[in-house]
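Here is a short note for someone opening this model for the first time. Please keep the viewer at hand while reading.

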Amino acid sequence: MDDDCFVVEGKMALPYQYFAGAVGSRFIVALRDEKKIFGVRCERCQRVLVPPRAFCDRCFGPLPEEWVEVGPEGVVTNFTVVRYREPYQPMEPPYVLALIQLDGADSSLAHLVNAPPETVSVGMRVRAVFAGEVRNNILQVAHFVPLEEKSPAGG
Ligand SMILES: [Zn+2]
């Protein structure tokens, strides 16, 4: 029986669209029109979640009446280096896809860090760079860049 079965290897490119919803839309409009990054504060557990969502992922409390501006700076909490090549990638590989905890947020946002992979580390501080054109998605923040190291004297 197994001799009659075989596997055909292949790849697909899959165009898609989705509705960002009321919460996601407000988040993206603020990115686009105000160049501001907002999270939502959970009334029950007080965590600020970015990106905003309709329910708290920890206590399942309904969210978001309190919108809180966060960032635009934050810290890399984890990252990976994307080395494979496929159509529609947001950057030329190899590139860094990081989890970034923005200042004022209690969760991390997955986004791009535009820096040589070997220079990126957990704990590195980064800053959002907004796209110049309308994109209407999370790439309204084009990417993050490392902050310059500050001298201990603050100069
Ligand atoms: Zn909560």
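In the hairpin of β1 and β2, which residue takes a positive phi?

1. The hairpin. The residue is Q46, with a phi near 70°. Six residues lie between the two strands of this hairpin. Strands here are DSSP runs (E, at least two residues), numbered from the N terminus.

2. Ground rules. This is a predicted model: local features need pLDDT of at least 70, side-chain atom pairs count only at pLDDT 80 or more, and totals for chains, interfaces and linings use all residues. Residues are numbered from 1 along each chain as its sequence is written.

3. Q46 in its loop. Q46 sits in the loop between β1 (37–41) and β2. Q46 is not a glycine. Q46 is exposed, because 11 other C-beta atoms lie within 10 Å. The cut-offs are these: a residue is buried if 20 or more other C-beta atoms lie within 10 Å of its own, exposed if 12 or fewer, and partly exposed in between, with C-beta atoms placed from the backbone.

4. N136 is not a glycine either, yet has a positive phi of about 55°. Look for N136 in the loop between β7 (125–130) and β8 (141–146). N136 is exposed, since 12 other C-beta atoms lie within 10 Å.

5. In β1, I37, G39 and R41 point one way. F38 and V40 point the other way.

6. Partners of β1. Two strands pair if DSSP finds at least two bridges between them. β1 and β3 run antiparallel and are joined by four bridges. Here G39 stands opposite V68 in β3. β1 also pairs with β2, in the antiparallel sense, over two bridges. In that pairing, R41 stands opposite V48 in β2.

7. Two cis bonds. Most peptide bonds are trans. The bond from V50 to P51 is cis, with omega near 0°. P51 lies in the loop between β2 (48–49) and β3 (67–70). The bond from G71 to P72 is also cis, with omega near 5°. P72 belongs to the loop between β3 and β4 (73–82).
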